[in-house]
Amino acid sequence: MLMEEISLISEVTLTGISWLTTLFIFAVGLGALVVAVLFVIDVSQTSDAIRRNYPVVGRFRYVFMALGEFFRQYFFAMDREELPFNRAEREWAHRAAKGRGNTIAFGSTRNLAAPNTAIFVNCPFPTLDEDAVATKTMQIGPFCRTPYDAPSFFNISGMSYGALSGPAVRALSLGAKKAKCWMNTGEGGLSSFHLEGGCDIVFQIGTAKYGVRDTDGKLSDKKLQEVAAHDQVRMFEIKLSQGAKPGKGGILPADKVSAEIAAIRGIPEGEASISPNRHPEINSVDDLLTMIKRIRDVTGKPVGIKFVVGSYGWLDVLCTKIHERGAESAPDFITVDSGDGGTGAAPMPLMDNVGLVLRESLPMVDDILTRRDLRKRIRLISSGKLITPSGVAWALCAGADFVVSARGFMFSLGCIQALKCNRNTCPTGITTHNPRLQRGLKPERKSERVASYWRNITHEVEIIAHSCGVDEPRGLNRNHVRIVQANGLSVPMADLHPRPGNEAEEKT
Ligand SMILES: Cc1cc2nc3c(=O)[nH]c(=O)nc-3n(C[C@H](O)[C@H](O)[C@H](O)COP(=O)(O)O)c2cc1C
């Protein structure tokens, strides 16, 4: 009996080994065949020199290039190395969003001698906690039928429903409500996701007038009235340009134009929609002021403009024309976007090399408005990589009344900087319409993170302000920050960009 069992086991084992051997030989044979086929393909093709000269092996270059994108972030890049945001900045935003302590140990990992580093000027007698005051609301649009008393100096910048997924827009809207900040729709129109949370909304009018266009694509007063009828919609912003792609309109591919997106944007379903590279009916500063007046008259709400600064002589012309027409004709706010701002998709040369960065343009616009006595009439909003407290505090020092951020709030939603916003494959569900990838983004949960990020950044900007001896962030001015120069020494921002006429620095 025992012998029979042993022989059965040996027989099964031998059969198994024989199968495995056959399988192994088959696998090796198949592998060799695949290599041979790839070899023939590589040597006979003429489009790729590397593969032609190094058949098969040359293909590893592309594999490693693809994998390097993922591994660099985790294993090789230093904390302060990556762009557009390094690990230290991303980690700060993620921790702030999760409400985890954001203290660090041992010492700064930042190179404080690098040119353009901001060093805030603490005073010997910082503001005592009991003397600190909450930031007051700031009114925008004093001449409108419905001015907006904006409660927060830090808000959510424009990102369209389309560039962002439905769950992401919902999470931002719910989070903005909890934070009591505003949310800008971006140029894709107003969706139910924006309205759901009940937050204040800035409706952006892009060059295609999505959401407020008639059947010919022209601005429709009727649609404007419908949008303005929502109490939540507090302001309108005409987008002239965006830092990441000045002079370029957006392209919404046909397969993204679902029935829902088509209805929201006011375009035909299933047809690609190409937005013009500027507002076709705005050919001059006069046209711009006329358009601002029209939208303000129709909606009764504050109207502003957003642009990235390139040439800037036109801003002086704008001020002259405003004075000719009267102060009420001015845009109620100007949003200055940075040349290094983000987007869903844009050509690299526009992203890299067109449009001034905020470092230069924000003080410049503030100075022009101050020189032309329009600084208090026109509120100044700034955006561009202001995702940490020091960035926001810098902008307030430079002259901004408000700061808005797009990518900071994307990090609060869990963005991992996978750089896939232009494909439909965002792994965190933020910029994809693939339901499988959206599953990971739970709007209610993420809305807490949006609010927590807002709370922490606001709180830490207050800490910087108190350290500088002012009782609230808007008390910061150009004397409160020094900028490191190429020689490693810092100079006051007030010397680098002296305010015209040395006016009082307060901005209320
Ligand atoms: C995914 C994405 C979509 C965007 N969509 C718009 C848009 O529709 N309209 C707009 O004016 N700006 C848009 N922006 C630009 C941002 O509003 C902002 O001006 C820019 O990214 C700089 O801010 P940040 O550095 O905090 O991201 C978008 C940015 C991103 C990342």
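The model is predicted, and the values given here are computed from its atoms. The ligand is surrounded by 23 residues, and the protein buries 98% of the 600 Å² that the ligand exposes when taken alone. Elsewhere in the description, three strands form an open antiparallel sheet in the order β1-β14-β15.

**Ligand surroundings**

- Among the 23 residues around the ligand, the closest are Ser157, Gly158, Gln204, Lys385 and Arg407.
- By residue class, the shell around the ligand is made up of 13 polar, six charged and four nonpolar residues.

- A nitrogen atom of the ligand lies 2.8 Å from a polar side-chain atom of glutamine 204.
- Arginine 407 places an N or O atom of its side chain 2.8 Å from an oxygen atom of the ligand, while for glutamate 187 a polar backbone atom is 3.0 Å from a ligand oxygen atom.

**Sheet and helix**

- In the antiparallel sheet ordered β1-β14-β15, the strands β1 (118-120) and β15 (490-492) stand at the edges with a single partner strand each, so one side of each has no neighbour in the sheet.
- Neighbouring strands of this sheet are turned against each other by 35° on average, with direction ignored.
- Strand β14, covering residues 481-484, is joined to the antiparallel β15 by three bridges, and valine 484 has serine 490 in β15 as its bridge partner.
- Helix α13, formed by residues 389-398, lies across β1 and β14 and runs at about 80° to β1.

Methods
Residues numbered from 1 in each chain as written. Predicted model: local features only at pLDDT ≥ 70, side-chain atom pairs only at ≥ 80, totals over all residues. Heavy atoms only, no water. Pairing = 2+ DSSP bridges. Helix = DSSP H or I, 4+ residues; strand = E, 2+ residues; numbered from the N terminus. Axes fitted to C-alpha atoms, helices over the stretch in contact; angles between N-to-C directions. Contact = heavy atoms within 4.5 Å. Near = heavy atom within 4 Å. Polar contact = N/O pair within 3.5 Å; in protein donor to acceptor, adjacent residues only side chain to side chain. Areas by Shrake-Rupley, 256 points an atom, 1.4 Å probe, with all protein chains shown as cover. Nonpolar A, V, L, I, M, F, W, Y, C, P; charged D, E, K, R; others polar.
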